[in-house]
Amino acid sequence: MSRAAVLGLEDGSVWWGEAFGDASSASGEVVFNTAMTGYQEIASDASYNGQLVVLTYPLIGNYGVFDRASESRRPWVEALVVRELNATCRDDTIDLDAYMRQYGVPGIAGVDTRALVRRLRAKGTLRGAVLQVPPDRAHDGGVGQEAVAKARAAAPLAAKPLVIESTGLSRQVGSGPKVALLDTGVKENQVRCLVRRGATVKVFPATSTAREVLSWSPDGVVITNGPGDPAAIPQITRNAKLLLDAALQRGAARPLPILGICLGHQLLALAFGARTFKLKFGHRGGNQPVKDLKTGRVHITSQNHGFAVDPDSLPSSEFEVTHRNLNDGTVEGMAHRELPIFSVQYHPEAHPGPWDNAYIFREFVAALKGA
């Protein structure tokens, strides 16, 4: 062991292990993901900005890191917490440890992640902090208490400009019907899924106004996933409301299809006057069962969110709930009753099913083309 590390939680518990990745400290919300693969996609998902992620699958890093698996320009997790870190076994890949060093992200291995996740499930999401020390100070009680103190001092998600940090630069790819994509932390595969189905995608930073988006004369709008509390970004919600107003004014004669994904789903709900609430420990993993209420079909979905839409607050005269989570009954999708405006809480660009949810993009692009 070259460096010891400790994770302190705001409840006072202390979890020791071996440091990997960058030799820095980190703090934020501690959440867990139950997927068996996809550690690079998880690390590079901007929805995790501000969070330390515990991976429940015990063997992490064994197939390495490679460019096409990244969902963003950099990893966004504050830190990774794993049971066992492995070197890559594949040619033309780099170790997860080296990847995290490259981008300044710390990690801690050797933690009893099963016990840690049971605590998070019982108590709900907790703030935490990771500190690193020389091996001879491992299990030092004073260091553990320092980590706990830093965890308790960590700012809540709502106090951080997470979406502004996560959004990227404007760019345009593809050819076909024009899709304006409001980037609140987009995963790259969402762009690929749209382009693959014959769309031109122009990415607008989250700071873009509705006027700037509409001045491009798009055939449709996508509001993407992203980090943090949707109620903490009222300016972006206002822009989503203006985009919705534009679609409503155009009506069925000249429809402006709108698709919301994850945070985008929540922002659409807020724009129509609904409310969101924080889940006890969120939905994060690749095996969340979601029922399509129209067809009765159950889809296996990939998810990463800590907030949900309150179904009782939706304006039922305009919107209907279209999907439900079969684990806890929360809203997983909604749609306008007359116009092609719809959203899903899960990630249709991920394929744990493996192709269960590709129809979301197919239906959106069909709406663009008036099919």
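# Questions on a predicted model

Visitor: In this predicted model, does threonine 237 count as buried or exposed?
Guide: The relative accessibility of threonine 237 is 12%, and the term buried applies under 20%. Because 12% falls under that limit, threonine 237 counts as buried.

Visitor: Where does threonine 237 lie, and which residues does it touch?
Guide: Threonine 237 belongs to helix α8, which covers residues 234–250. Leaving aside residues up to four places away in sequence, the residues that threonine 237 touches are Pro230, Leu267, Leu270 and Ala271.

Visitor: How many residues of strand β4 are buried, and which way do they point?
Guide: Strand β4 is made of residues 51–55 and is mostly covered. Gln51, Val53 and Leu55 point one way from the strand, while Leu52 and Val54 point the other way, and all are buried. The number of buried residues in β4 is therefore five of five.

Visitor: Which strands are joined to β4 by bridges?
Guide: Strand β3, residues 26–33, runs parallel to β4 and is joined to it by five bridges, with phenylalanine 32 having valine 54 as its bridge partner in β4. Three bridges join β4 to another parallel strand, made of residues 79–81, where leucine 52 stands opposite alanine 79.

Visitor: In the open sheet of ten strands, which are the edge strands?
Guide: The order of this sheet, which has mixed pairing, is β10-β12-β11-β13-β14-β19-β18-β17-β15-β16. An edge strand here pairs on one side only, and the two in question are β10 (171–173) and β16 (298–309).

Visitor: Which residue in β19 stands opposite alanine 335?
Guide: Strand β18, residues 331–336, and strand β19, residues 341–344, pair in the antiparallel sense over three bridges. The residue in β19 that stands opposite alanine 335 is phenylalanine 342.

Visitor: Is the crossing of α6 and α10 oblique or roughly parallel?
Guide: The axes of helix α6 (residues 188–196) and α10 come within 10 Å and cross at roughly 50°.

Visitor: Which residues make the contact of α6 with α10, and how many are nonpolar, polar and charged?
Guide: From α6 the contact uses Gln190, Cys193 and Leu194, and from α10 it uses Phe361, Phe364 and Val365. By class, this contact has five nonpolar, one polar and no charged residues.

Definitions and conventions. Residues numbered from 1 in each chain as written. Predicted model: local features only at pLDDT ≥ 70, side-chain atom pairs only at ≥ 80, totals over all residues. Heavy atoms only, no water. Pairing = 2+ DSSP bridges. Helix = DSSP H or I, 4+ residues; strand = E, 2+ residues; numbered from the N terminus. Axes fitted to C-alpha atoms, helices over the stretch in contact; angles between N-to-C directions. Contact = heavy atoms within 4.5 Å. Nonpolar A, V, L, I, M, F, W, Y, C, P; charged D, E, K, R; others polar. Buried < 20%, exposed > 50% of the residue type's maximum accessible area, 1.4 Å probe, protein only.
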